[in-house]
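Hi everyone, thanks for coming. Let me put today's chain on the screen, and then we'll walk through it together.

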Amino acid sequence: MDGREAQISNSAVSKRGGWITFPFIAGALAGLTLATGGWQSNLIVYLIEVFNVKSINAAQISNITNGCINLFPVIGAIVADSFLGSFSVAAISACISLLGIILLTLTTILDPLRPHPCDNGSSLCTPPSTVQYAVLYTGLALACIGSGGTRFTLATMGANQFDKPKDQGIFFDWYFFTFYLALAVSNTVIVYIEDNVSWRLGFGLSAITNFIALALFFFGNRFYLHDKPQGSPFTGLVRVIVATIRKWKAKLSSNIEDYYFGHDGIAGIAPTTKKGFRFLNRAAFKTEGDIGSDGLIAKPWRICTIQQVEDLKSLIRIFPLWLSSIFLSIPIEVQASLTVLQALNMDCHLGPHFQIPAGSIQVINLISTSIFLTIIDRFLCSMWQKLTCRSPKSLQRIGLGHVLNILSMAISALVESKRLKIAQAHHLQDQPKSIVPMLALWLFPQLVLVGIGEAFHFPGQIALYYQEFPISLKSTSTAMIALIIGISYYLSTVLIYLVRRFTGWLPDNINAARLDNVYWLLVVGGVINFGYYLVCASLYKYQDVEKGVENLDTSSDTDK
């Protein structure tokens with residue numbers, strides 16, 4: 001009888017997963033992306049027009065919220081792997097996101113939750129009260145935590161529904177297509193409603209789409225394969241560091257049998273590079289009492305496997321490249337904030353009857369990235385392969401992204417210089433909210449160029465991290481892009497603060513500012529970072545280049 005029950009249970013599990021889960025996961029992703037994009041993409045405009053926040057301060061708040069949204073996926077991934085599983089983290093995060101958006105919606109409905117609007121033509125506006133700020137920041141915090149906790153967790157959960165790598169690859173293609181499509185819709189349709197109908201309706205639509213996404217996600221629960229938490233792989237990395245410190249004075253051996261490869265011995269040891277960070281081998285060096293009579297680890301914080309040591313080495317080797325990607329992303333985040341401020345003071349009309357919402361200007365970046373992802377995949381990569389008889393490497397794609405990003409910042413500086421000259425010609429530098437007679441179409445080239453750059457360097461980074469990260473950290477490797485973006489948002493906030501603190505380039509009146517100097521500063525920083533990247537890339541060796549088992553022989557000169 002027990003065997004029959006087990007057979008029935010296994011049959012039920014086998015019916016779970018597969019493509020039947022995709023409509024529920026993709027629908028949840030689309031709804032949550034629409035909800036997040038509905039308030040996030042137009043946040044700067046909302047803070048300025050509704051909460052009477054100064055323009056640069058609004059840009060800073062927007063950078064902080066964007067940073068939170070891109071940092072929490074990493075936290076969500078760790079919690080999912082270690083404790084709760086992907087389904088639970090995604091469900092809880094979606095509920096938190098809904099609560100945050102409801103609070104933001106209430107600030108558009110209830111008059112006591114927002115300051116009194118500014119009088120027409122007056123620069124003296126009532127600032128938000130402490131309670132109003134508290135409600136606003138609470139709503140933003142909950143919405144950020146919820147959005148960040150679902151984005152990459154849904155991707156991991158979706159991939160877990162398939163056994164074949166081919167199916168997983170197809171899923172990721174459709175997953176990101178759904179993400180970009182929903183983001184483009186939120187940046188246009190919902191933002192247009194907020195700017196031309198009402199903030200109440202726009203934020204309300206965000207709350208409704210979040211609720212629908214949550215309901216759709218729960219409806220598909222009976223079809224999902226649920227992953228079980230395996231424990232955090234970061235624990236093993238920390239153990240390597242601790243074990244190395246505790247055995248710092250130990251003299252390393254040249255005998256391979258003196259190192260711990262796991263319970264199964266040295267069979268199956270992964271090939272590693274021959275040089276670099278040999279002092280970490282101390283963590284796998286066997287001393288008395290480290291290993292029990294059964295061959296298992298007796299003291300977890302004194303001994304690790306060679307594979308765990310090599311995992312940490314892999315992360316250390318790739319860290320300089322990862323660091324350059326952070327400084328690559330900082331100009332992108334600064335440009336995103338300043339472009340919205342520029343658009344607010346420019347003529348956003350396309351023809352006599354249609355006006356582009358300032359908060360939607362970044363959709364040009366999304367469209368550019370989406371189009372060139374297809375062009376790169378279908379045409380440029382195949383052309384490169386025919387010319388060189390090999391596929392373009394990840395580091396080459398990232399390097400081209402660096403160049404395009406620098407060019408975009410230079411174009412941004414030239415366009416802003418032209419805008420300032422027009423503002424001065426019409427004597428608008430002392431009129432903060434006046435519209436400069438210059439079409440916002442002038443902002444399109446810089447956005448298109450930075451979008452093309454993203455189409456090169458973001459996929460290149462994902463491919464690099466997925467290939468080079470340890471097997472135990474494959475899920476975390478795909479979330480490293482979110483971590484890069486999140487950190488860069490915070491550093492861009494620090495950069496803007498320092499520019500305001502030590503220069504007069506960023507007053508609240510954009511027409512009297514020197515945004516062109518800020519862009520030129522980003523160009524100089526981009527050139528320096530590109531030089532640093534070229535050095536790191538030239539010294540880096542892909543893991544599959546070096547073959548064979550590492551020689552554990554070390555001399556006293558190379559141990560430390």
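A quick note first: this is a predicted model, where local features need pLDDT of at least 70, side-chain atom pairs count only at pLDDT 80 or more, and totals for chains, interfaces and linings use all residues. Residues are numbered from 1 along each chain as its sequence is written, and side-chain values use heavy atoms, with hydrogens and water left out.

So, the overview. The chain has 15 helices and four strands; these are DSSP runs, H or I of at least four residues for helices, E of at least two for strands, numbered from the N terminus. Of its 560 residues, 51% count as buried, meaning under 20% relative accessible area, with exposed over 50% and partly exposed in between (1.4 Å probe, protein chains only). Among contacts (heavy atoms within 4.5 Å) with a separation of 6 or more, 82% join residues 24 or more positions apart.

Now have a look at helix H2, residues 22–40. Its end C-alpha atoms are 26 Å apart, which agrees with the 27 Å that its 19 residues should span at 1.5 Å a residue; that expected span is 1.5 Å times one less than the number of residues. Because 16 of those 19 residues are buried, H2 is largely enclosed by the rest of the structure.

Next stop, strand E4, residues 436–439, which holds Met438. Is Met438 buried or exposed? Its relative accessibility is 2%, so Met438 counts as buried. Its neighbours, leaving aside residues up to four places away in sequence, are Met346, Asp347, Val415, Lys418, Arg419 and Ile422. Met346 is 92 residues away along the chain, yet the two C-alpha atoms are separated by 5.7 Å.
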